[in-house]
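Colleague: Can we go through this model before I set anything up? Start wherever you like.

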Amino acid sequence: MRIVVKVGTSTLTHNTGRINIRRVESLCRVLSDLKNAGNEVILVSSGAIGMGVGKLMLSKKPDDIPTKQAAAAVGQCELMYVYDEEFSKYNHNVAQILITGNDVENPQNLLNFQNTVNRLLEFGVLPVINENDTVSTDEIAIGDNDALGAIVASHIGADRLIILSDIDGLYNKDPSVYPDAVLIEEVSEITPEITLMGGGKGSSLGTGGMRTKLHAAQIAMDAGVEMIIANGRNPEILYDISDGKKVGTRFAAAR
Ligand code: ADP
């Protein structure tokens, strides 16, 4: 299977912004094992700004663009260093791919992107993809990594997109506000009712909340890619998904 896994900042870092070492070690071990089992794995990783904030010891996540981009530039290095080190333990090579909206909208750029990813996968490399935050502006930015994951998955013919978050899946209302919220296990269509469920925004370090995940689900489903939102707290959940167990929220591919 060709699997795109997207991890959010809230999964990769502690509330301090510094890397959650145990989590990242576990994630890289499981992804390596899924590769060893014959799957092709592409990682869409957030966390650059969060890690930059930690490394630069900024007191909070910056609001202004130059500081955000500076934090992203510092954090992206740290992120790739960590991935390279972790995947090396299991003899897997990683490659960094940074893209913006232009790169998937311009047909020539898109073709180059697809060719590069395919060649990396042929080489057995694990591509790690992120938005190129240091150059992206509102006009060209994809804007959030949930959408980035879905766009990547749809353009490279992935079989499945897995979004690891700090929550078990889509609930019928925001569980951080309503303790009686109920997990939705299966979504076959993004109806207006489903869209309403994901109304609020997410955690302080994450950016998306459920709204961006539902948008991502729509992109994936339209492209014939199934999407699963699952809790990244324990990355071994990826084994359960691989084994076909019912986990989190599954959005069925439209075709
Ligand atoms: P990530 O960094 O993994 O992208 P986010 O923090 O951006 O994660 O998004 C997940 C958060 O979205 C949850 O922790 C939750 O507080 C919030 N949320 C809002 N509405 C819902 C909902 N209907 N179901 C689940 N989570 C929701």
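**Salt bridges and sheet**

Modeller: Arg160, Glu186, Glu226 and Arg250 are linked in a network of salt bridges, a salt bridge being a side-chain nitrogen of Lys or Arg within 4 Å of a carboxyl oxygen of Asp or Glu. This is a predicted model, where local features need pLDDT of at least 70 and side-chain atom pairs count only at pLDDT 80 or more, while totals for chains, interfaces and linings use all residues. Residues are numbered from 1 along each chain as its sequence is written, and side-chain values use heavy atoms, with hydrogens and water left out.

Colleague: How many salt bridges by this rule?

Modeller: The count comes to 15.

Colleague: What does glutamate 40 meet in a salt bridge?

Modeller: Arginine 2, at 2.7 Å from N to O. The pair links distant parts of the chain, 38 residues apart, with glutamate 40 in strand β2 and arginine 2 in strand β1. Strands (E, at least two residues) and helices (H or I, at least four) are DSSP runs numbered from the N terminus.

Colleague: Is arginine 2 buried or exposed?

Modeller: Buried, at 15% relative accessibility; glutamate 40 is partly exposed at 27%. Buried means under 20% relative accessible area, exposed over 50%, partly exposed in between (1.4 Å probe, protein chains only).

Colleague: Switching to the sheet, what is the strand order?

Modeller: The open sheet has 8 strands in the order β3-β4-β2-β1-β5-β7-β8-β6, with mixed pairing; two strands pair if DSSP finds at least two bridges between them. β3 (94–99) and β6 (186–187) are at the edges with a single partner strand each, so one side of each has no neighbour in the sheet.

Colleague: Which strand is β6 joined to?

Modeller: β8 (residues 249–251), by 2 bridges, and the two run parallel.
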